[in-house]
Amino acid sequence: MINIPATPSDITGKEAMGWLHTTRFLTTAAQLHHLPPLGVPEIAFVGRSNAGKSTCINTLTQHKQLAFASKKPGRTQHINLFAVGRHNETDAVLADLPGYGYAAVPKDDKIRWQRVMANYLVSRPNLVGLVLLCDPRLGLTELDESLLEIVRPRVEQGLKFLVLLTKADKLTRSEGAKALSIARLQAGGGDVKLFSALKKIGVEETAQLLWQWAHGPEAEKLALEHSALETKALETHTGISDAALTHPVSESEPRD
Ligand SMILES: Nc1nc2c(ncn2[C@@H]2O[C@H](COP(=O)(O)OP(=O)(O)OP(=O)(O)O)[C@@H](O)[C@H]2O)c(=O)[nH]1
Ligand SMILES: [Mg+2]
């Protein structure tokens, strides 16, 4: 069953980390229509290739290889879903999306992925929050800004939104402060945080925010709207992955 606690309205960073530590692989999809319809809140991680999306998911969930991270850009090529919450009490889903902007990807593939991503962002019904990851040494690029344009109508309707400036360990304190103020301007007043998987900067705060997104009014609305059938489908998926805890064959080549 869907577990939406009546209380509390907030939890500590440590409790939020404990919650995220329950995360396990759910399913993977190369195309949008292969994603299962779900009645629990979904939070997507998007951003340029190599921005640190998969590493961020691994850091937040404290699992080394839940999402595949790599020095080689373009490592994530599917939409990978991860279920959060104790078994049979899944109360959120994290989505690791393929990065964009990697020059070596053939043009047709790029266009196809931009389309899949745009469709996902516009049409995924249970999407409640978006984490846009950005390497502050590059700043928000044209592609990031077009993504922001695509989601603007949904943000206006209540979609939560956070920009994470990743690899903050590579910045001095003053560079970090400057990167934050520039990104705040570009994000049009949206929430922006510094994040480092290496030095664990911004990790607990981000975990807390994700918990709030997953247990806010949008999540309650979703629980009411969705049928028991869809919830059952989620638990079936989760059950399979709990048993195997394996990654899909297409993503199982050796990591570099
Ligand atoms: N120094 C430092 N390196 C990081 C950090 N986060 C990620 N990286 C490195 O950045 C590279 C890319 O990380 P990924 O997590 O694979 O990036 P991604 O955004 O998932 O990339 P795609 O799957 O290609 O879209 C890897 O070499 C990571 O080790 C961080 O906080 N600090
Ligand atoms: Mg990735």
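**Helix packing and core of a predicted model**

Colleague: Which residues of H1 and H6 meet?

Modeller: In this predicted model, the H1 side of the contact consists of Gly13, Lys14, Ala16, Met17, Trp19 and Leu20. These residues divide, together with those of H6, into six nonpolar, two polar and three charged. The partners that they meet in H6 are Glu204, Glu205, Ala207, Gln208 and Trp211.

Colleague: How are H1 and H6 oriented to each other, roughly parallel or roughly perpendicular?

Modeller: The axes of helix H1, residues 13–21, and helix H6, residues 203–214, come within 8 Å and cross at roughly 70 degrees. Angles of 65 to 115 degrees fall in one class, and the two helices H1 and H6 are therefore roughly perpendicular.

Colleague: Is Leu194 buried or exposed?

Modeller: Leu194 belongs to strand S7, which spans residues 191–194, and, leaving aside neighbours within four places in sequence, is in contact with Leu165, Ala168, Gly176, Leu180, Ile201 and Gly202. The cut-off is 20 or more other C-beta atoms within 10 Å. Because Leu194 has 21 C-beta neighbours inside 10 Å, this residue counts as buried.

Colleague: Which residues touch the most other members of the largest nonpolar core?

Modeller: In soluble globular proteins, nonpolar side chains tend to be buried together. Phe82, for example, touches Thr23, Arg24, Phe25, Leu26, Ile57, Leu66, Val93 and Leu94, not counting residues up to four places away in sequence. Within the largest nonpolar core, which has 63 residues, those that touch the most other members are Ile43, Phe45, Phe82, Val93, Leu94, Ala95 and Leu165.

Key
Residues are numbered from 1 along each chain as its sequence is written. Chains are lettered from A and ligands numbered from 1 in the order in which they are written. This is a predicted model: local features need pLDDT of at least 70, side-chain atom pairs count only at pLDDT 80 or more; totals for chains, interfaces and linings use all residues. Axes are lines fitted to C-alpha atoms, for helices over the stretch in contact, and angles run from 0 to 180 degrees between N-to-C directions. Helices (H or I, at least four residues) and strands (E, at least two) are DSSP runs, numbered from the N terminus. Angles under 35 degrees count as roughly parallel, over 145 as roughly antiparallel, 65 to 115 as roughly perpendicular and the rest as oblique. Two residues are in contact if their C-beta atoms, placed from the backbone, lie within 7 Å. Ala, Val, Leu, Ile, Met, Phe, Trp, Tyr, Cys and Pro count as nonpolar, Asp, Glu, Lys and Arg as charged, and the others, Gly among them, as polar. A nonpolar core is a set of buried Ala, Val, Leu, Ile, Met, Phe, Trp, Tyr and Cys residues joined through C-beta atoms within 7 Å. A residue is buried if 20 or more other C-beta atoms lie within 10 Å of its own, exposed if 12 or fewer, and partly exposed in between; C-beta atoms are placed from the backbone.
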